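Colleague: Please take me through one part of this structure in close detail. I would like the helix packing laid out piece by piece, with the terms explained as you go.

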Amino acid sequence: MTIQRRQFIAAIGAGAVASTAGCSQSNGGSGGGDGGDGTDSGDGSDGGESDASDEAGVAGETLTLTTTTSTYDTGLLDEIHGDFEEMYDVSVDAVAQGTGAALESARNGDSDVVMVHARGLEDEFMRNGYGINRRDLMFNDFVIVGPEDDPAGIQGMESATDALTAIAEAEAQFVSRGDNSGTHTKELNLWEAAGTDPGGDWYQETGTGMGEALNIANQQGAYTLSDRGTFISQRSEIDLTILVQGPIEDGPEILANPYGIMAVNPGVHDNANYDLAMAYIGWITSPDVQDAISEYQVNGEQLFFPEAVSENPDFQQYVPEGWSSESTDE
Amino acid sequence: MPLDPIVPFVPALFESPFREGYVSSVIYVSLYVSLAAVALSTLFSIPVAIVVGLTDFPGKQFVKSVINTGMGFPSVVVGLVVLFAVSNQGPLGSLELIFTKQAMIMSQFVLATPPITAISLAAVTGVDESVRDAARALGGTRFDVALVVVKEARYGIATAVLAGFGRAISEVGSVLIVGGNITSADGISKTRTLTTAIQLEARQGQYETAMVLGAVLVALVLTVNAVVVRFGDRGVQP
């Protein structure tokens, strides 16, 4: 049924699709990757193909990246991906989903590489065998934003948990993402660290992306936790201000927001485009691209701080946090 | 054809905040997916409507109820079901349809089929009994009778197709889930439709640009409707 339908669609759409190179290329990429991409590039049997495939065994293929809304909505990925697509003659399908959903897509084998920001969820993902070759990629920080009149009086507090406790005690409006995203995970961790169980009329779970959550907070004069990048890129549209800074502006370390990148384990999902995923991870952690990340600005401010290039080894980036080969852990 | 009046018109009026080619590629994807889905739905729905409308069989009322219930399917649920089907873990996983236009067409097919079937069915049922009798009396086969009925019901069927198209092109929940709202890095849409583009702008708090895209969507639907109605009128008054 479906195959017939698809062929029919292909027939009626062939002419139209061919006219848009990007679409037909990506279709070809995913079709060609139909279980065959690993062997094609692996056994070097592509001598009969064009020169393009001699440059890199991945030419013409499509990399599916599931990621968070903050990397996508700030425009960073669109800014840097052109370079990668040109270098390898591939296309990158960036799907902005939020950390929880991005990992879930990868868990189902629907993406090749994940770029997210919730270390706890990333570690679980690795421990379950879905993700491999994790690298620290970049960081920025979270900030607690709220209305300028600051009804809970948290401005300038040095401790994020004290600030949340003050908000809870004042029962001031607080907007939570409520969507299992990296930001939501961080927020829940902060409440836990503050020893407060948020709930009541003042605490609203919106189930939306960061931009929408900021809009809702803006309209209701509420507090919310935001990553700095999304807040900066939206600041001109809203009246909220930063009340508790993150570590980039000397705020508490607990508000750090590190992004990690992992390839989907081809041992679990043999359709994952592992070659291209590793090429992508190699590319995005290279000095040149790390520079490009640090140079990326919105409204004159740097949004992301590269973290992948370092003289000093940081072995913890490759394994679940706290994992050690000596421990009896797993 | 409907593209021409809209695409150059938008950047001229609004000083487009979008990159070159973005809006037209998003419109293209919207139209491609919706028209393909509606075409497939129509091919499926009209025979079903004719069979259900012109024959009597046990359980006919139940079939009608199922079709009518389908009109109320929440698109997000349809999206989840199609996601389950095309996901790598799903029954169609090996086809690698996730995050493609084909997957979006599948979900819109599921969404557009019930309204097209239900409205076509009403149109077919509404054709006067005497028309059928006349066709039969003139020695028509069953197929001939069906053709005559479709011809009589064409205006209702056109309405059905338009209703299906309206449902497909204005739907956001399922195409977002199965399509992934993807553009390439140079801003050319791969699976981003007008509705998911609007959703993206709204997520970023850019309500003005979201409104611009909304206006484009309304203009597009209006254009398609105008074309079909015009076409239909010409058919009615030869």
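**Packing around helix 6 of chain B**

Modeller: Helix 4 of chain B and helix 6 of chain B cross in the left-handed sense (the near helix is turned anticlockwise from the far one by less than a right angle; clockwise would be right-handed). This is a predicted model, in which local features need pLDDT of at least 70 and side-chain atom pairs count only at pLDDT 80 or more, while totals for chains, interfaces and linings use all residues. Residues are numbered from 1 along each chain as its sequence is written, and chains are lettered from A and ligands numbered from 1 in the order in which they are written.

Start with the whole chain. Chain B has twelve helices and zero strands (DSSP runs numbered from the N terminus: H or I of at least four residues for helices, E of at least two for strands). Read from the N terminus, its elements are α-α-α-α-α-α-α-α-α-α-α-α. Its C-alpha atoms fill a box of roughly 65 × 45 × 25 Å along the principal axes. Of its 238 residues, 47% are buried (20 or more other C-beta atoms within 10 Å of a residue's own; exposed is 12 or fewer, partly exposed in between; C-beta atoms are placed from the backbone). Take the contacts in chain B between residues at least 6 apart in sequence: 74% of them join residues at least 24 apart (a contact puts the two C-beta atoms, placed from the backbone, within 7 Å).

Now the crossing itself. Two packed helices are described by the angle between their axes and the distance between the axes. For helix 4 (residues 60–70) and helix 6 of chain B, the axes come within 7 Å and cross at roughly 130° (lines fitted to C-alpha atoms over the stretch in contact, with angles from 0 to 180 degrees between N-to-C directions). Helix 4 of chain B is therefore oblique to helix 6 of chain B (under 35 degrees is roughly parallel, over 145 roughly antiparallel, 65 to 115 roughly perpendicular, the rest oblique).

Which residues meet? Helix 4 of chain B brings Ile67(B), Asn68(B) and Gly70(B). Helix 6 of chain B answers with Thr113(B), Pro114(B), Thr117(B), Ala118(B) and Leu121(B). By class, that is four nonpolar, four polar and no charged residues (nonpolar: Ala, Val, Leu, Ile, Met, Phe, Trp, Tyr, Cys and Pro; charged: Asp, Glu, Lys and Arg; polar: the others, Gly among them).

Helix 5 of chain B also packs on helix 6. The axes of helix 5 (residues 75–86) and helix 6 (residues 101–126) of chain B come within 9 Å and cross at roughly 135°. That angle makes helix 5 of chain B oblique to helix 6 of chain B. The crossing is right-handed. On the helix 5 side of chain B, the contact uses Ser75(B), Val78(B), Gly79(B), Val82(B) and Val86(B). On the helix 6 side of chain B, it uses Ala103(B), Met106(B), Ser107(B), Val110(B) and Leu111(B). The classes for helix 5 with helix 6 of chain B are seven nonpolar, three polar and no charged residues.

One more residue in chain B. Val212(B) lies in helix 12 (residues 207–236) of chain B. Val212(B) counts as buried because it has 20 C-beta neighbours inside 10 Å. Ala197(B) is 15 residues from Val212(B) along the chain, and their C-alpha atoms are 11 Å apart.
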